[in-house]
Amino acid sequence: MRLPQRAGEFGPAVVLLAAMAAVRLGPRPEDEGPLWAALALALVIAGGLAVRRRLPLTAYAVGTAGLVAEALWVGPGPLTPVANLIGVYYVGLCATPPRARLGALLVLPGVLAWFAPEDRPASVPVAVVFVWLLVWAAGYGTARRNREAEDRRADRRREDVLAERVRIAREPHDVVGHSVNAMLVQAGAARVVLDTRPDRTRELLAGVERTGRDALTELDRLLGVLRAEEDPDDRDDPLGLGRLVRPLADAGMEVRLDIAPEARELPPQLRTSVHRIVQEALTNALRHGRARTAEVTVGRREDTLLVRIADGGEGPAPHYRPGRGLRGIGERAAALGGRVEHGPGDGGGFTLSVGVPLP
């Protein structure tokens, strides 16, 4: 990889040096300066061209100095303007904006010195300066477009990183929040019946233990700790809603699931999103609505996956505003191009409906 890169940097300089030397070694006018001086200046000019990418302003300044010295003391060479033109393009392309603008100021003295030994109309140097500045502007414009494109790519990378951070933060919140709320309800119920119903207390404490273990298992899945083979439970319950409602049942909440057969063949990302949406909705129903019943429906209408969670809880307060959980559901749905509707249910409680286009 390094050989082609170096060839691209030094190749034009070597070719130009050979051509300039060949011109100087050919028939020479009588008024031309010493040959050794002409060859030395050709080496300086071509050497500046060799570092045009790494040190564009320095390379152009060296090349312009060689051009001025050649024009005033040796005699103008026919290929020197070509080297200078390449140099001014790379000043606009590779230098920082302030240094590139400084390089543009070197165009005028270089061109004037080049035409100083010759008696030509003033319009000729002006036209040459215009062409040189036009070539510089082409390089400068290309560099600016490249910088803008890189800035856009960097902005997209930052947005992707931020979105990934939000997603990573939301996943543990959904897992832990759901389980902790269920465990709190179970522990509270066990405390109430501790003295009067020891058998019920043992059942509730066992439910707390199961919920905690399920939460750890879910975190293991999330963090990729478990082995990669498919879990048999996932084949029977691809959306994971069965294991999701078990701790809620232990906490005294009856959840009825109505899952359409086609909803079991969803892509993995969509399955995960449905699981998290239902998890967050049921957690809100238990925690905020104090619901004892809920119904979860997952089905399909044409090209849209429909998820509906209706609970029999206390319902929202008047003029309620969505909290973190509902906002997280909205973000999940929006990431999949879907929409969310929520509000009081027709028969009381709270209803959440999510529609997501199927791939």
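Analyst: Contact here means heavy atoms within 4.5 Å. Leaving aside neighbours within four places in sequence, Val278 is in contact with Leu241, Leu244, Val296, Val307 and Ile309. This is a predicted model, in which local features need pLDDT of at least 70 and side-chain atom pairs count only at pLDDT 80 or more, while totals for chains, interfaces and linings use all residues. Residues are numbered from 1 along each chain as its sequence is written, and side-chain values use heavy atoms, with hydrogens and water left out.

User: What is the mean pLDDT of the chain, and over which residues does pLDDT stay under 50?

Analyst: pLDDT is the predictor's confidence in each residue, from 0 to 100. The chain has a mean of 79, and 83% of its residues reach 70 or more. Over residues 225-232 the value stays under 50, and the model has 6 contacts beyond four places in sequence for them.

User: Why is Thr64 called buried?

Analyst: Buried means under 20% relative accessible area, exposed means over 50%, and partly exposed lies in between, with a 1.4 Å probe and protein chains only. Thr64 has a relative accessible area of 8%, which is under 20%, and therefore Thr64 is buried. Thr64 is found in helix α3 (residues 56-74), where helices (H or I, at least four residues) and strands (E, at least two) are DSSP runs numbered from the N terminus. Not counting residues up to four places away in sequence, Thr64 touches Asn84, Leu106 and Gly110.

User: What makes a set of residues a nonpolar core, and which members of the largest one touch the most others?

Analyst: A nonpolar core is a set of buried Ala, Val, Leu, Ile, Met, Phe, Trp, Tyr and Cys residues joined through side-chain atoms within 4.5 Å. The largest has 34 residues, of which Met253, Val278, Leu282, Val298, Leu305 and Ile309 touch the most other members. At least two residues each come from α10 (241-250), β1 (254-259), α11 (268-287), β2 (293-301), β3 (304-311), α12 (324-335) and β5 (350-357), and α11 gives the largest share, 8 residues. Apart from this core lies another, of 17 residues, among them Leu67, Ala100, Phe115 and Val128.

User: Which residues of α10 are buried, and what follows α10?

Analyst: The buried residues of α10 are Leu241, Leu244, Val245, Pro247, Leu248 and Asp250. Just after α10, Gly252 takes a positive phi of about 95 degrees.

User: Why do Glu302 and His319 count as exposed, and what is the phi of each?

Analyst: Glu302 has 70% relative accessibility, which is over 50%, so Glu302 counts as exposed. His319, at 80%, is also over 50% and therefore counts as exposed. Glu302 is found in the loop between β2 and β3, with phi near 55 degrees, a positive value in a residue other than glycine. His319 is found in the loop between β3 and α12, and its phi is near 60 degrees, likewise positive in a residue other than glycine. Most residues other than glycine have a negative phi.

User: How many helices and strands are there in the chain?

Analyst: The chain has 12 helices and 5 strands. Among its contacts between residues at least 6 apart in sequence, 70% join residues at least 24 apart.
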